[in-house]
Amino acid sequence: MKTTEDIFNILKIKFADAVIELKAGVPTEDYILINPFELDKVCTFLKNSDDYKFDNMMNLSGVDNANGKKTTSEDGTHKTEGGTLSVFYHLESISLKHKITLAVTVSIEKPEVTSVSEVWRSADWHEREAFDMFGIIFLNHPDLRRILMPYDWEAGYPLRKDYESPEFYQGMKVPY
Amino acid sequence: MPLKTEEMVLNMGPQHPSTHGVLRLELQLEGEIIKAVKPHIGYLHRCFEKHTEVMTYPQVIPYVDRMDYLASMYNEFGYAIAVEKLLGIEVPERVDFIRVIMGELQRIASHLVAIGTYGADLGAFTPFLFAFRDREKILSLFEMTCGGRLLYNYIWVGGVSHDLHPDFVRLTREFISYFRPNIKEMNELLSFNKIFVERTANVGILPLDTAINFGISGPNLRASGIKWDLRRDDPYSVYNRFDFEIPIGDGRMGTVGDCWDRYFIRILEMEESLKIIEQALDQLPEGDVTSAIPKRIKPPVGQVYTRVENPRGELGYFIISNGSLNPFRVKVRAPSFVNLGIMDELCRGHMIADVIAILGSIDIVLGEIDR
């Protein structure tokens, strides 16, 4: 049984720059911020190391942080520039009964994270969902397609905060 | 001259009686042998998570009812616990007990549908009618409590909407004594029926390490032979006060983790749920059930991931609050969504008819998968 802080200290020694910081003091939940391009290495270590054995990925969740700069042009249309997306990974060890939350933050222009679907197969569909809803690209994912929305949905990523639903989809009126 | 063979693609669904909803399975076949299964989901997608961002916290509750529509009580239960943790409030003891009673009744109702429809999928129609007859009694208990039969809006943040009906305890006890012999009857009708066993034993074997790696939870995980139940291993509410067993798959009819094990776990769990309900009714404290309901729910900035043992597995709510009246983000970790991901792994090398047996044994609800 290890706390998030213990795990952070060990990861920091082992992976140095790949582990960015410990976000403690967030009410009810601490998490560790990881470099998106080295996430798979950290996760492989956490899963295979005998001290941690994080064998179960409980949840993977994309989040739009909605921290971009919002501008309104003369014709009244809104435009958002910049901003970040995050992905939260909730891990647990069934045998050792401890839990940890990892997170990565990526820019909305280039939302790329290494996939962990090789580490936990359950990540496969979760990552597809995060791609579908937020447009986060998971590098090395075996089959990154939309999962809940139609495959030919072209209006963007619904759970982004600046998403606007289209007028028509396949000739059908969308707003009801 | 060798005969040329080629693989065939067959669509099972979206409208197929044994896909339990609108699910399309794209089967790659070589003759009658499954080479690969690609599930296509999203036919019921309503973007629940987007809806929540424009609603206040209590307004979300009727929506969570509509995810797993066979276990609505449990969806509310999980959501209420998550928001309470975010708010940092405690609920009165009576509320906890009522929630546990409702949750376990819901588990029985949900397992009855799983068992009944599983029998119907495999050609045994009578158990289906028997299961629905008994489930009807549970729905009547729910109706008496909150007016709804399937969608309740009963468990609120900080409490429940109504106190129990004065007759509830008596009628629930009557239900328990009525229902217990019916489990035995179900075993005689279906569980040990030779045809049923032939169709399910040694089919779709799920080894434990694969199950964990795929994130399988609930009865499907326990059927692979591990005592892992969030009610005991990550206790929430008042579950640590009750004495109950956690049944696991033992390969009685074939191999550990086959379809029959996954089916039979649900039968055993109904018995355990009855035990929990009995104990909860005995200990049910008095008190006001609405006193802790906050007038205005405005959690502080923060995030929380909580999970409960839904009839189908680990139901998780990841809620981020930015300090306003609406949730900033609600992500639901739906057990069926994760469990369905195992289809390809389980079906490879089996016959087409076994796909039905395997899909039924996983017990999915499409409303929750598509959200």
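Which strands of chain A does helix H1 (residues 4-15) lie across?

A: Quick background: this is a predicted model, where local features need pLDDT of at least 70, side-chain atom pairs count only at pLDDT 80 or more, and totals for chains, interfaces and linings use all residues. Residues are numbered from 1 along each chain as its sequence is written, while chains are lettered from A and ligands numbered from 1 in the order in which they are written.

H1 of chain A lies across S1, S2 and S7 of chain A, at about 165° to S1(A). Helices (H or I, at least four residues) and strands (E, at least two) are DSSP runs, numbered from the N terminus. Angles run from 0 to 180 degrees between N-to-C directions, and axes are lines fitted to C-alpha atoms, for helices over the stretch in contact.

Now the sheet itself: it's open, with 5 strands of chain A in the order S1-S2-S7-S6-S3 and mixed pairing. Strands pair if DSSP finds at least two bridges between them. S1 (19-23) and S3 of chain A are at the edges with a single partner strand each, so one side of each has no neighbour in the sheet. From one strand to the next, the twist averages 25°.

Zoom in on S2 (residues 31-34) and S7 (residues 99-107) of chain A: they run parallel, joined by 2 bridges. A:Leu33 has A:Ala103 in S7(A) as its bridge partner. H3(A) packs on the sheet too, touching S3 and S6 of chain A, and its direction makes about 5° with that of S3(A). Touching here means contact: C-beta atoms, placed from the backbone, within 7 Å.

Methods. Contact = placed C-beta atoms within 7 Å.
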